[in-house]
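Here is my note on the model you sent. Please keep the structure open while you read, and check each point against it.

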Amino acid sequence: MTRASYSYHDGDTQPLPAAQDAQEYAPAPRSYVSSGNRSNLGSSGNQRQQTEQTNRRRPRERRHASHGFLSFLLWIISAFIIAIMVIRILPASIANSGFMPLIVSFVPWLALVSALVLVPALAWRRKVLALVSVACILIQIFWHIGYIKPTTTISQAAKTAVASATINTTDKYARIMTFNTHVGTADVNEIVQTVKDQHVEVLALQEMTQGFIQRLEAAGISKVLPYSVIASTKHGDNGGVNGLWTAAPQSDANSNLIPTDASSIPAASITLGTSIVRFGSVHPNSPTRGQQSVWSSGLSTISSLKNYDHTYVLMGDFNSTWDHPSFRSLLGSKFVDSSEQAGEGFHMTYPANSKIPPLIEIDHIVHTSGVTVGDIETVQIADSDHRALLATLQAL
């Protein structure tokens, strides 16, 4: 008998089903893998696993290396930002030397650069770099808060009055304008048209040549602004002479308001409502290399006007920004910069008429208490490297 045919149970024999016999008694398959083969297979598996791990690790390592290098570059940029910020707070005796005045001119743009550094610093979890960038941004906002939040504002009555096509020289409101004519090359017809379009009552011009003045008169400036005073010509004029035109009659006109190493300051007083306001057209030298002391001296001379008992409105190309310590020293506690007080943002005026947009604000309307200035804007006029700066003035 065979085991496949019968099973024993209580002495009886019975045949087993073929399917059950095949399943229960089929021999298990054997693996004929030698110990050496098993070792080789295990080694290959480990190599594959290590290769997969390495392939996963390499992109991560490359990303970390790339981020590390970029972080280093961002730290260098932040170091430059901090260095410029330090120059900005140095005393004028130090900050006015070398190229520092030119560098400080671009301080308002540092907040944007710091913000651009902050974005990848947060994305890459560079906590210290992010904190430094945030601190820089907050300090820069604090320095320029007057450009964001207004200190004073003009009334709606002032806005309505200067919008009228008919100029009223007896009220206390006036649209005012200052413009550097770029050694007398600016388009005189555009100047006169801007005066008409903007209903300007007081116009201050800088860097005028005699030929330019003649062309301006021929273009009809005296028909819209019949009263004028031109600075006296002298050796060392900064690109030309300054001038002042008004719609209202002038009193106490002076072609050389105060002795200065820069271009002479023509000045005149006009009546606005019940107030007498004294206007001047100013243009100190630029702080180019070798001229820093002349530039600083010119600003100091203008600053001395704070000792006189007048309501002053000084307009012109100051060749300075709010961030220059010499300009802030000029303002002192008596003068204010209208743009920094108005809370209407920056009004970049230089350079103009070029592929580079205006990047710095060196044309200003500076005034003492007794007037409020707002609704400030810039206008481009052909053939000058400056934009015109316009504003609405309200006498108190």
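**Notes on the predicted model**

1. Start with Asp323. Leaving aside residues up to four places away in sequence, Asp323 touches Arg88, Val104, Val107, Pro108, His144 and Arg328. Keep in mind that this is a predicted model.

2. Where does Asp323 sit? Asp323 belongs to the loop between β10 (312-317) and α12 (325-331). Is Asp323 buried or exposed? Its relative accessibility is 1%. Buried means under 20%, so Asp323 counts as buried.

3. One of the residues touched by Asp323 is His144. Look at the two side chains. A polar contact of 2.9 Å joins Asp323 and His144 there.

4. Now turn to helix α8, which spans residues 188-198. Which of its residues are buried? They are Val188, Ile191, Val192, Thr194, Val195 and Gln198. These residues lie on the same side of α8, because they cover an arc of only 160° around the axis. On the other side of α8, Asn189 and Asp197 are exposed. Colour both groups and view α8 along its axis.

5. At its start, a side-chain oxygen of Asp187 comes to within 2.9 Å of the backbone nitrogen of Asn189. That Asn189 is one of the exposed residues named above. After α8 comes His199. The phi of His199 is positive, near 55°.

6. Next, the surface. Phe69, Leu70, Phe72, Leu73, Ile76 and Phe80 make a nonpolar surface patch. Take Leu73 as an example. Leu73 is part of helix α2, residues 35-88. Why does Leu73 count as partly exposed? Its relative accessibility is 34%.

7. Finally, the whole protein chain. How many helices and strands does the secondary structure hold? There are 13 helices and 14 strands. Of the 396 residues in the chain, 44% are buried. The chain exposes about 20,200 Å². Carbon and sulfur atoms supply 57% of that area.

8. One more point on the chain, about contacts. Consider those between residues at least 6 apart in sequence. Of these, 68% join residues at least 24 apart. Asp323 and His144 give you a pair to look at here, as Asp323 touches His144.

How values were computed
Residues numbered from 1 in each chain as written. Predicted model: local features only at pLDDT ≥ 70, side-chain atom pairs only at ≥ 80, totals over all residues. Heavy atoms only, no water. Buried < 20%, exposed > 50% of the residue type's maximum accessible area, 1.4 Å probe, protein only. Helix = DSSP H or I, 4+ residues; strand = E, 2+ residues; numbered from the N terminus. Arc of directions from axis to C-beta. Polar contact = N/O pair within 3.5 Å; in protein donor to acceptor, adjacent residues only side chain to side chain. Contact = heavy atoms within 4.5 Å. Patch = residues over 30% accessible without salt bridge, like charges linked within 9 Å, V, L, I, M, F, W, Y side chains within 5 Å. Areas by Shrake-Rupley, 256 points an atom, 1.4 Å probe, with all protein chains shown as cover. Salt bridge = Lys/Arg side-chain N within 4 Å of Asp/Glu carboxyl O.
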